[in-house]
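Hi,

Here is the structure I promised to pass along.

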Amino acid sequence: MSLSNRYDFVLLFDVKDGNPNGDPDAGNLPRLDAETGHGLVTDVSLKRKIRNFVTMTRDQDVRDPQPGEKRFEIYVREKAILNQQNQRAYSALKLDVEPVESATDDVLEKKATKDKKRKGGGEDVNKARDWMCLNFFDVRAFGAVMSTGVNCGQVRGPVQMTFARSVDPIIAQEHSITRMAVATEAEAEKQSGDNRTMGRKFTVPYGLYMAHGFVSSFLAGQTGFDEDDLELLWQALTQMFEHDRSAARGEMTTRGLYVFRHASELGNAPAHTLFERIHVTRTTDVPRSFADYEVFVNDTEMPSGVTLLRKT
């Protein structure tokens, strides 16, 4: 069933003795706001965990399905070649577009002709776009740019999320670690058989993070994102950390998912006024667990037409 309501939501999650989202341009240090010291987790990182949850819980058979047969495949996944994913739409719909050839001298003219036909055929692109929305959950939810190479158009996703920001400033701790082995015989010879490799690891002792999210029913109608997809999104947000464990990320847990459901598609109140109803305050100078915080939810005198749903 298609969506007929707007949704805004607040996601609370925490990390203990782990790195929630390392910055590869900063030696994999936990991301932070340089001016305030607050920790950051990108929207891309959160969407990756949602995608991983859907991959784990829904059938991901890569054989070409009939339109709508799978619905929950993931478009942006590890080692995927996106033009090959796009080509599946043309093959399934028998639109007779071959994979993009390499631009060698003897095929430049032929390739240009193909590109012109492919990118100029608006009806074919629209059909391919609809097929991608029908079969890939993350295209339906988050949107995608699929207009390079094999052209399946562009999709604006109904589900959007902000960076998560820690409630308080964080301090990244640096740890020296030792591996009792080396990778090559040459390294072993240099160490006279000692076979030790030194490394470093960064963790946040504790951080409580908050992210905001939005679901547009208008864009959901364009991509086919429906009530079943929405329930899967809520399930992923509440359980995604339970199935994404690693030593590097320490302990990460969803602590709260507060969903504001609007009675209308346009919405019954500005999102920022609803987000301001979630107050988080620490009860100790140096928090080291969720118990060191209090979460107050102002659910009194809610705006007309807005209902608060507590998912966890």
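Helix 4, residues 122–135, is 14 residues long in this predicted model, and from first C-alpha to last it reaches 20 Å, close to the 20 Å expected at 1.5 Å a residue. Its buried residues are Val125, Ala128, Arg129, Trp131, Met132, Cys133 and Asn135.

Searching the whole structure turns up zero disulfides. Why does cysteine 133 not form one with cysteine 152? The closest cysteine sulfur to that of cysteine 133 is the one in cysteine 152, and at 9.8 Å it is too far for a bond. Both side chains are tucked away: cysteine 133 counts as buried because its relative accessibility is 3%, and cysteine 152 counts as buried because its value is 0%.

Now for the packing. The largest nonpolar core has 37 residues, and Val215, Phe225, Trp234 and Leu237 touch the most other members. Elements giving two or more residues to this core include strand 1 (7–18), helix 1 (43–57), strand 10 (197–215) and strand 11 (251–262). Helix 8 gives the most to this core, with six residues.

Leaving aside residues up to four places away in sequence, tryptophan 234 touches Tyr7, Phe9, Val215, Leu257, Val259 and Lys311.

Best wishes

Note on methods: Residues numbered from 1 in each chain as written. Predicted model: local features only at pLDDT ≥ 70, side-chain atom pairs only at ≥ 80, totals over all residues. Heavy atoms only, no water. Helix = DSSP H or I, 4+ residues; strand = E, 2+ residues; numbered from the N terminus. Expected span 1.5 Å × (residues − 1). Buried < 20%, exposed > 50% of the residue type's maximum accessible area, 1.4 Å probe, protein only. Disulfide = S-S within 2.5 Å. Core = buried A, V, L, I, M, F, W, Y, C linked by side-chain atoms within 4.5 Å. Contact = heavy atoms within 4.5 Å.
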